Amino acid sequence: MLSMYLHFLLTTICVGVVASKINTKYIMSVDDIKEYKKILKTNKNLLTVYSSDDKSAVKTLKWLDNVSKEIKGKGSIIHINCGENKETKKLCKKYEVNPQPIKLRHYKDGNFNKDYDRQENEKSMVSFMLDPTGDAPWEEDQSAQNVVHINNEKDLNKLRKKEKGQLLIMFYAPWCGFCKKLKPEYAGAADEMKNKAVLAAMDVDKPDVYNVRYQFNITGYPTIIYFEDGNEKFRYSGKMDKEGIVTWLADPKPVSKDEQGDNWEAPEITHLNDDNFDSTLKTSVSTMVMFYAPWCGYCKKMKPEYVNAAITLQAENVIATLAAVDCTQSQATCNKFEVKSYPTIKYFINGTLMYGLNTYKADDIVAFMKDPKEPPPPPPADLPWAETSGSEILHLSDENFKDEMKTRKHTLVMFYAPWCGHCKKAKPEIEAAAEYFKDDRKITFAGVDCTVHDALCKSYEVSGYPTFRYFLYGKKDFVYKGGNTKENFIAFMKNPEEPIIEKSRPVEPEWSETNTNVVHLNFNTFDNFISKNPSALVMFYAPWCGHCKALKPAYTEAAEELLYKNHKLCAVDCTKNQDLCNEHSVTGYPTIKHFYNGKVSHYNGGRSKEDIITFLSSIKTEKKVPTTKNEFWDSNDVIHLDDVTFPDFIKETKTVLIMFYAPWCGHCNKMKSDYQNVANIFHSQKILKERIAAIDCVVNRATCIKYDVHGYPTLKLFKDGEKYADYEGGRTSSQIVEFVKNSRHSAPPVQSWSSENTAVIHLNDDTFDSFIAEYSSVLVMFYAPWCGHCKSMKPAYERAAEYVNLKEELPGKLAAFDCTVNKVVPKALALQGYPTLMYFKNGHQLEKYEGDRSFESIVDYMKKASEKKEGPSTIKEWKDEPSAVHHITQNSFEEFILEKDVLIMFYAPWCSHCNGMKPAFMQAANTLKEENFPGVLAAVDATKAVELANKEGVKAYPTLRYYSKGEFIEQFTDDRSVENIIRFMKKQKESPHRRQASIDNFDWSDMPSQVTHLSADGFQSFLNEKTHALVMFYVKWCNGCFEMRGSVMQAASRLSTQPLYAFAAINCDENDVFCSSIGVVVFPSIKYYSKGDFVENYEGIVKPESIVNYLKSKVKDEL
C-alpha cells in the first residue's frame, strides 16, 4: 500500500500536478502547461480557479473544496496560481487570464465554456457544475426571494408538515417555455401574498424527484397544486398571471371555466371529457381531437382556426367531427393517449386511434377531414455535408482544427448550420471552387458545422451563417466578405493577400442599442407588450440580413412619425429569440406581422416610410386612455400617462400636476408616499377639479425630452394643455397641495431663469450629480436671481449655451444652478459669491472659471477646456486633507478590512451629497481616534474602484457599509451627522456580531473546561498519546472562533468520561509560525488527529451534538 502511495506521489509531482498548497483535500494545483493541456483534454467538465497569489484564493478554495467532493465523478476543480513562477505566469498568459485577484473559468469538453457568473456559494456552484450550460436556478433570481424553493422530496414533506395554512406549489421543469413566462408572475404573487400564504416552487425534472411526479400525477408543466394542512385540496388552472393567482388565493376553490380565462364553449366543437370520450367517439365515423390546456398560448392561437374549420365542414356537409379535450380537467384520457404537449392533434375512426397529426391551420384541417389519409412521414433529414461534399472539402472539428490548419497555407473556412438556407445555396458553389483548385496543394476549402462544434465557432465570434474566414497557416485570419459564388471564391483564393473586405468599415452597433422609437422585444417581453397595445407592427429580422438593413431607415422614420399615435412599431432579433420566431412561423427575413386586438396578419405592403404609415393609419383603434394602475405605485389615485395619452390628457384636463420620474430614482421613491397622498386628497374631494398624474421617463423618453426633463423627480403644472409652472418647492404633501390650490387664482409665477426658453440647462440638488457624471465637459454658473452681476451675465451665457448646447459646435454643456432654491451643492462646494462659474471634467470638479463674462471668452474657454488633456485638479483631493479617515483602494480593500471593524464611505468626488457629508465623517473619525475607540472610518473613491463598488453592491453615492473582520455586517442609513455616525459605531460594539459572552473578558486558556490548551512545543507529544483528538485553531480577533469554542467546550464536557476522546485548542496569535507551517490560514479551523497523525479537517455543523456524533463515528469506523 505504501509503495502505491509513493508511486502516486512521485508521479503527480513529476507531471506538474500537486495537492493544493492551500489546505484543500479535493482540489489539485497545476503549475505545468503541458499537464494542464492534458487535464483539459481528459476532463469534460472542469472548473479552473485562477488566482493572482495563494492568499487571494484561500477563502474561495475552502468552500470549493466541499463542492469538489460533492461532484466527484461528475466534474473536477483545479487551482492555478498565476503569480507563483514563470511557468504559471506563462500558462495564464497563454489562456488569456489575468485574475484580479480571482477568476473562475469553466471548460466543457476541453473548450472554454464561460466565466462563472452565479452566486459564489456551495449550492450554486454544485448546481452549475451539474449543468454548466443550463439556466441559473430559479432560487438565485433576486426577484423570487419570497418564493420558497424546494430542493428534494424530503424538503417537500417538511414544508407540507410545517405549513398548516395556505400553501401553493408550482411544479415545473427548467426547459418549459410556459414555466419561464409564468415565473415572474408567480414571484409577484408571492410578494403580494407574503405573510398571508406560502407560494413555493419545485423543479421536478430531476431523477431524484421522479417519485414526486408519480405521487402527484404530474404529467405536464407547470402543474400548480393547492394544499391545506399539508394535504392536496385543489389543482389550480385559473388565469396564469399574478392577478389571477392572488385573486384565487383570497377564496380558494375549484376553478370554473370562466375563471380559467378560457370558457371555450364553441357549439361547432364537440367538447369531450373522461366520462363521455369513449362512448362519443365510438359513434363517430371520422373524428379529429384537439387535446389542449386553457393556459397554452399555442392552443389559444389554434382555436379560431379549429372553429373556422368546423364551420366550413358543417357548411359543406362533410361527415366529420372536430372535438376537443381539456387536459387540465380530463387527465385520465390525456394520459391514456400519452399527451405530453399542447396542442396535440389525433385522428380517430369509430373510436380507434389511427394516427397523430401536425395540422393546425383551418384550410389544412378541412382538406384532411375531406380526405383523411395517413400523413406522409417527415422528409428524411439532410445528410451531413461531410458525407456528401466529396474529398475536396476538408471538414474540421474542435479536435482537428488547429493541427490541420497549421499545415495548410491558404484555407477558406465556411462556418455553417445544416438548416441554414444561405449555407445550402453556398455549398455547391464552394464545392465547385474546391474542384477548380483540386490540383493545387496550397489551397484548401473547409467547413465547420457550428451546431456540432459550438465552442470552435464561438472562439471565432461566428454570429450568423454562413460565415467565411480566411487563414494563412492557421494564423493571420480575417473574415471574407465577398460574394458566395464559385467565381467569387476562385477570384479571392487566387489573390488572398488582397481580401474582398472593407478593412476600415466601423463595427455597426446593434439596432436595439441605437436611439430610436422602435420597440425591441424578446421572448420574455413579447406577449405582455402585445397584450397591452391594440396595434403593433412587428419586424422579425436578423442583423446580417441585407433586406433587413435596407428596411431599417424607413421603419425607424415611420416609428418616429407615429410616436404619439395608437400604433407601435416593434422589432425582434431572431438570432437571439429563435423560439419566439419559430412560434410565429418566421422562415425568412424580414418577416413583418401586424398584431391587432389579439389577431395576427402578415404585412405584405410596400417598404417605404409612407407605405407603412398609410397602412397603420388605415387601422382604426380605440382611443387609449390613461390608467390608474402601475406596479411602481401603491395607490390608484395617481393617473399614469405615457407618450400616447399625454398630449390629449393635458388638453382635456383643466389643471394637472405631473411628476416626471424614473422607477430606479431614490428621491422619487422617497417622494412617492407624499405624492400619492396629494393625489388622494384631490381624488377624494370631488369639488377639487385638479388632477395629479405621473409619467415614467424610462419608458416614455420622447415626452420627457420634449418638456426638457433633466433629472428626477421633476414636477410641472399644466393648464389647458400648456405648461403653466415648474414646481420647485418642498416635497411634503401639504406643500404640494398648497402650490396646486394657489395656482387657481394667482397669475402664472414670474418666470425663473429655469422656466425661460433658453439653451441653458438648469440643475438642482437632485440632478446635479448625475448630470456632471454623464457629460465629460461641463461649465456650471452658480447664481442667485437677485444678483445684479448674474443678471448682467445672463445674455452672454445664454448665447454661449446656444452655441455649445444646441448647435453642438463644441463638445460639452453649459448649465446653471439657482443657489437660493438648492442649498446642498453650494454648501458642499463652499461657494461664497455669485456668480461663481465652476468647470467639471469627467465628473470631477477641476477648476474655477476666472475669465471675462463675455460670449467670446466663455466659448473660447470651453474650446480649450475640451481639447486639453485632463491634468491634475486644482481642487484638493480628499485623501490629501488631514483627518483620521483612512483612504483605501481597490487593491488594498480586502487586506484592510480583514482585521478591522470599519465603516467605509463609498463616494464620488463630484457627488455633492458626498462633499456635504465629508466634514461630519472626518470629525467623527477624529473623535473616535481621540477616544481610542477600537473601530475606524475609511473612504473609497468609487470612480477609481468601479469593480470593487459593483462587487459590494454600491449603486448610489454616498453609500456607507460597515465591515467586521472582513465580513459585511450592515449599511449605515441614519442622518449623516457626527453624532449619528459615532452612535452607530458604538452601537456596533454592542451588537450581536460583536458581542461576546462573559468569557470573552478572559483568555480561553484561563477558563475551566475539558479542552487542553496547547503550544507549538507540546503539540505533537499530546497528540501521540490520544487515539481520537479534535484540535481547534483560533485567534482572539475572530468572531467565528468565539461562537465555535462554546460548542467545542460542550462537546468536550459530554465525552469527558470516555478516555478514547480528547479535545485541544491552540492560539495561533501566539503560535503563528507553527500554525502556518501546518497549513492553518483560515480561522477557526478544526482538525481531526488519530494516534498523532492528521486525518482530515472537520467540515461538519458546529454544534455540540454534531461534533460528538462525528467523533463517535470515527470509533465505529475503526471497529
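Biologist: What should I know before I start?

Modeller: The model is predicted: local features need pLDDT of at least 70, side-chain atom pairs count only at pLDDT 80 or more, and totals for chains, interfaces and linings use all residues. Residues are numbered from 1 along each chain as its sequence is written, and side-chain values use heavy atoms, with hydrogens and water left out.

Biologist: What is a disulfide, and how many does the structure hold?

Modeller: A disulfide is a covalent bond between the sulfur atoms of two cysteines. Here the test is a pair of cysteine sulfur atoms within 2.5 Å. The structure holds six.

Biologist: Which cysteine does Cys 82 join?

Modeller: Cys 82 is joined to Cys 92, with S to S at 1.9 Å. The torsion about their S-S bond is about -80°, so this disulfide is left-handed. Cys 82 sits in the loop between strand S4 (76-81) and helix H4 (86-94), and Cys 92 sits in helix H4, so the bond ties together parts 10 residues apart in sequence. Helices (H or I, at least four residues) and strands (E, at least two) are DSSP runs, numbered from the N terminus.

Biologist: Are Cys 82 and Cys 92 buried or exposed?

Modeller: Buried means under 20% relative accessible area, exposed over 50%, and partly exposed in between (1.4 Å probe, protein chains only). Cys 82 has 9%, so Cys 82 is buried. Cys 92 has 2%, so Cys 92 is buried too.

Biologist: What is the handedness of the link between Cys 327 and Cys 334?

Modeller: Their sulfurs are 2.0 Å apart. With -85° about the S-S bond, the link is left-handed. Both cysteines are buried.

Biologist: And where does Cys 574 bond?

Modeller: Cys 574 bonds to Cys 581, S to S 2.1 Å. The torsion there is about -90°, so that disulfide is left-handed. Cys 574 is buried at 4%, and Cys 581 is buried at 3%.

Biologist: Now a serine. Where is Ser 330?

Modeller: Ser 330 lies in the loop between strand S14 (321-326) and helix H12 (331-336). Its relative accessible area is 2%, so Ser 330 is buried. Contact means heavy atoms within 4.5 Å. Leaving aside neighbours within four places in sequence, Ser 330 contacts Leu 272, Asn 273, Asp 274 and Val 325.

Biologist: Is Ser 52 buried, exposed or partly exposed?

Modeller: At 27% relative accessibility, Ser 52 counts as partly exposed. Ser 52 is in the loop between strand S3 (45-51) and helix H3 (54-70). Pro 101 is 49 residues away along the chain, yet the two C-alpha atoms are separated by 5.1 Å. Beyond neighbours within four places in sequence, Ser 52 contacts Asn 81, Gly 83, Pro 99 and Pro 101.

Biologist: What describes two packed helices?

Modeller: Two numbers do: the angle between their axes and the distance between the axes. Axes are lines fitted to C-alpha atoms, for helices over the stretch in contact, and angles run from 0 to 180 degrees between N-to-C directions. Helix H24 (residues 666-684) and helix H26 (residues 733-742) pack at about 45°, with axes 8 Å apart. That makes H24 oblique to H26. Angles under 35 degrees count as roughly parallel, over 145 as roughly antiparallel, 65 to 115 as roughly perpendicular, and the rest as oblique.

Biologist: Which residues make the contact of H24 and H26?

Modeller: From H24 they include Met 671, Tyr 675 and Phe 682. From H26 they include Ile 736, Val 740 and Lys 741.
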